[in-house]
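User: Please show me how to read a few local features of a model.

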Amino acid sequence: DTPIQSLDIRAEKVEADGDLRKILKGEAPFFETVNLEGGEVRYHLRKLPEVKVDYRKAIGLAARVLESAEKIALRRTNADVDMPGQAIRLEKADLDLAGAGRPNAYALGLSCEKIHWKPKNGNVFLESRLDSDNSLTLDENPRLGGRFRFGSLAFTGGRGGQLFDALIIETDAEWKTLLNTVHLRGLSLDIPGLIKASGSMDIGFAEGLSLAASAEAQVEDAGAVLIRLETWLPRNLKNLQAEGNAKFGGTYRLLRNPQHWDENLEAFLQTERIRLRYGGSRAPLEADVSGRLTAQGPFSGIQVSGKIRSIVCPPAAENFKLRSSQLDLRFQASRNYLRVPSFTAALKGFSFIAGGKWMAFEEVKSTGSAGFDLVRRTAALDRLEVRIPGLPLLVGSAKFDLAARGEKHLALRASGIRAPDVFRSFSSVLPHPPPGWELDAVCDMQVEAATLRAKPDELGFSTVLRFSEGKFNDPSFEIAGEGL
């Protein structure tokens with residue numbers, strides 16, 4: 001027990017089987033077996049040591065202790081480790097340690113019925129079973145390699161619940177004591193049926209903290225992942241279902257010391273197709289999502305960009321029908337802005353009721369670009385092009401101040417609109433000319449809407465229609481006009 005740390009070890013029963021002559025001569029191993037049952041181990045690290053620790057000396061001491069027995073076994077042992085910021089508890093743990101036929105090399109097996117991990121600053125903690133089969137080498141550069149299997153992994157507290165039935169981690173870790181760095185090679189993570197990941201990691205403690213990690217993972221079943229996360233989903237997403245797979249990965253680097261802080265993340269997420277289904281069985285909303293997202297930079301100023309495609313098949317409504325809609329967009333985003341250099345939206349099999357009659361279009365398509373200033377809370381539709389069957393191109397733009405009484409402006413224009421095309425496209429709602437009559441004209445249209453200065457919470461509209469080449473006639477040309 002010291003001002004920095006304390007260690008307390010108790011046991012119901014300890015057995016040792018060895019050779020008295022080796023003990024008297026000091027020839028290791030002294031014991032063939034050492035067994036401890038019903039143990040209680042309590043370790044408390046009150047604060048981190050301020051002086052530099054001689055890790056090689058400590059490892060050498062541990063190696064000399066372990067070489068005193070060929071086999072060491074702990075049964076039904078509870079262990080508590082209390083450190084600044086966190087606490088770990090192992091319940092009913094079994095440990096087997098045996099020499100591996102080489103100096104300072106051991107086969108290590110550890111299992112426990114329950115392992116708890118709890119941060120000091122919260123009421124949520126992690127709980128799991130643990131089984132592991134490892135190899136341990138205690139020399140100048142200690143190594144630990146093997147397989148850790150966590151079972152019934154769950155969060156307790158808050159909105160806790162069971163996360164996964166199993167989590168399997170495999171790694172080959174080496175601690176280079178002279179440089180005080182830890183290298184994790186062959187690192188893999190497997191959540192059976194859900195996620196598989198692999199990567200590597202280097203952690204340095206010589207001067208502050210340095211970290212370099214890379215990983216790549218495959219989500220095998222998005223629907224199964226969604227089910228596992230159901231406890232943490234908002235209530236309005238409880239009926240969300242998913243199927244498909246995705247891939248994500250990247251690299252992360254961190255250098256932190258009293259004089260310097262530097263970090264960088266490069267990550268991606270991509271999917272060929274994830275199908276989403278939302279709502280009940282009578283009229284669900286279905287959507288297919290695909291694309292790729294990338295992120296780069298420090299967390300304080302991370303830049304995100306991506307390309308997304310979504311295909312949505314909404315349920316039919318009483319006065320609205322849509323076979324499907326498709327949205328393709330590219331975007332770039334940061335903490336201060338969101339930029340959409342290009343987007344394309346298409347409505348297919350689009351029909352609705354206007355004036356008590358149905359209007360139908362096989363496809364309505366729009367393209368454009370937009371931007372959002374998240375600090376000033378303004379939005380700009382820099383370019384909008386709308387294509388409606390039978391009509392010329394509609395071109396528009398818009399600017400919005402998203403404040404309650406902010407300034408707003410919208411403009412839409414089209415050139416070369418021919419009257420017969422309008423009557424043909426909107427035949428269900430426009431009055432038809434009398435039988436046999438011909439009506440023709442070319443029209444240019446400009447529509448603007450803007451905030452009224454006298455009434456900032458209202459919009460004013462202006463519309464300009466310019467006609468040319470207008471003409472009409474009845475079947476006999478007794479009533480006619482042209483050049484209007």
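Predicted model: local features only at pLDDT ≥ 70, side-chain atom pairs only at ≥ 80, totals over all residues.

Analyst: Residues are numbered from 1 along each chain as its sequence is written, and side-chain values use heavy atoms, with hydrogens and water left out.

User: Which residues make the nonpolar surface patch?

Analyst: Patch members have over 30% relative accessible area and no salt bridge; like charges are joined within 9 Å, and nonpolar side chains (Val, Leu, Ile, Met, Phe, Trp, Tyr) within 5 Å. A salt bridge is a side-chain nitrogen of Lys or Arg within 4 Å of a carboxyl oxygen of Asp or Glu. Areas come from the Shrake-Rupley method with a 1.4 Å probe, and for residues only the protein chains shown count as cover. Here L20, I23 and L24 form a patch of about 330 Å².

User: Is L24 buried or exposed?

Analyst: Buried means under 20% relative accessible area, exposed over 50%, and partly exposed in between (1.4 Å probe, protein chains only). L24 has 69%, so it is exposed.

User: Where is P29 found?

Analyst: Helices (H or I, at least four residues) and strands (E, at least two) are DSSP runs, numbered from the N terminus. P29 sits in the loop between α1 and β3 (31-37), and a cis peptide bond, with omega about 0 degrees, joins A28 to P29.

User: What is phi of K92?

Analyst: Phi of K92 is near 50 degrees, a positive value in a residue other than glycine. K92 belongs to strand β6 (residues 86-99).
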